[in-house]
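The following note sets out numbered comments for a colleague working with the coordinates. Each point concerns one part of the chain.

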Amino acid sequence: MLLNDPSEPGGIEVVALDADDTLWHSEVFFERTQRRFTELVRRYVDHDVDVDRALFEVEHRNLGRYGYGIKGFTLSMLEAAIEVTGGAIGTVEIEQLLAAGRTMLDHPVDLIDGVDDVMTELAERGYRLVVVTKGDLHHQQHKIFASGLTDRFERIEIVSEKDPDTYRKVAASMGVAPPSFCMVGNSVRSDVLPVLEMGGHAVHVPYHVTWAHEHAQHNGDVPTLASIRELPGWLESRRGP
Ligand SMILES: [Mg+2]
């Protein structure tokens, strides 16, 4: 695997940031809604039925159709609820699941501690910033606007998949070669490994919960920061001469 090499010539010019669980809290709201799903659906099934597993499987099956985001998650909750209860789930519970999805969409953007300061500092230090996020186009645009951070970013890239080719295109759209590009995010699978593979830099800033679909196998050899507050110092330590 390619690893960041501080002795490499040329510095990092573009810093790309994941959005959900990197700039603002997201997964905690999915977890909360999933607990509601479990509570509503469990009433209809035997104790040994794993309703969380059923939801995971329906989500997995639907990812290619619905993509990432709350609307697809809500549809998958409804489908899993109908399926796992053999059609016994009531319209009252269906309405409550729909309401839980709407509550998630309406939730105000809750920035992760330090994000505002760090984005300002990076912009002041001359880094060019871009957001690279998966998810529902309409909702992600709304969150970015509501975050109050839009003026810090040169571009917003809402992508359907985070693979090496996507990152190659994002770097090209910013007019830099991969070695001048660094991605920052909470998912090793989506934000780190594909960027290292295309020859860029990447750093993992873990969030305290990770969506099951984002779990990745890796050798632990990825640059990791305890908090986004460590990012400016980490980037400076990699700056070219
Ligand atoms: Mg994320």
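**Comments on the predicted model**

1. D21 is placed in the loop between strand 1 (14-17) and helix 1. The model is a predicted one, and the backbone at D21 deserves a remark: phi of D21 is near 65°, a positive value in a residue other than glycine. Most residues other than glycine have a negative phi.

2. The packing of helix 1 (residues 27-42) against helix 3 (residues 70-84) comes next. Two packed helices are described by the angle between their axes and the distance between the axes. For helix 1 and helix 3, the axes come within 11 Å and cross at roughly 20°. Because angles under 35 degrees count as roughly parallel, helix 1 and helix 3 are roughly parallel to each other. The crossing in which helix 1 passes helix 3 is right-handed.

3. Which residues make the contact between helix 1 and helix 3? Helix 1 contributes F30, T33, Q34, F37 and V41, while I70, F73, M77, A80, A81 and V84 come from helix 3. By residue class, the contact of helix 1 with helix 3 comprises nine nonpolar and two polar residues, with no charged ones.

4. Helix 2 (residues 51-66) has a bend of about 30° at H60. Buried residues in helix 2 are V51, A54, L55, V58, E59, N62 and L63. Helix 1 and helix 3 are included in what covers these buried residues of helix 2.

5. Is S147 buried or exposed? S147 lies in the loop between helix 6 (137-146) and strand 3 (155-158). Its relative accessible area is 10%, so S147 is buried. Leaving aside residues up to four places away in sequence, S147 touches W24, V109 and L111.

6. A99 belongs to helix 4 (residues 91-106). The relative accessibility of A99 is 25%, and A99 therefore counts as partly exposed. For a distance across the model, the C-alpha atoms of A99 and E236 are separated by 46 Å, with the two residues 137 apart along the chain.

Notes. Residues are numbered from 1 along each chain as its sequence is written. This is a predicted model: local features need pLDDT of at least 70, side-chain atom pairs count only at pLDDT 80 or more; totals for chains, interfaces and linings use all residues. Side-chain values use heavy atoms; hydrogens and water are left out. Axes are lines fitted to C-alpha atoms, for helices over the stretch in contact, and angles run from 0 to 180 degrees between N-to-C directions. Helices (H or I, at least four residues) and strands (E, at least two) are DSSP runs, numbered from the N terminus. Angles under 35 degrees count as roughly parallel, over 145 as roughly antiparallel, 65 to 115 as roughly perpendicular and the rest as oblique. A crossing is left-handed if the near helix is turned anticlockwise from the far one by less than a right angle, and right-handed if clockwise. Contact means heavy atoms within 4.5 Å. Ala, Val, Leu, Ile, Met, Phe, Trp, Tyr, Cys and Pro count as nonpolar, Asp, Glu, Lys and Arg as charged, and the others, Gly among them, as polar. The bend at a residue is the angle between axes fitted to the seven residues ending there and the seven starting there. Buried means under 20% relative accessible area, exposed over 50%, partly exposed in between (1.4 Å probe, protein chains only).
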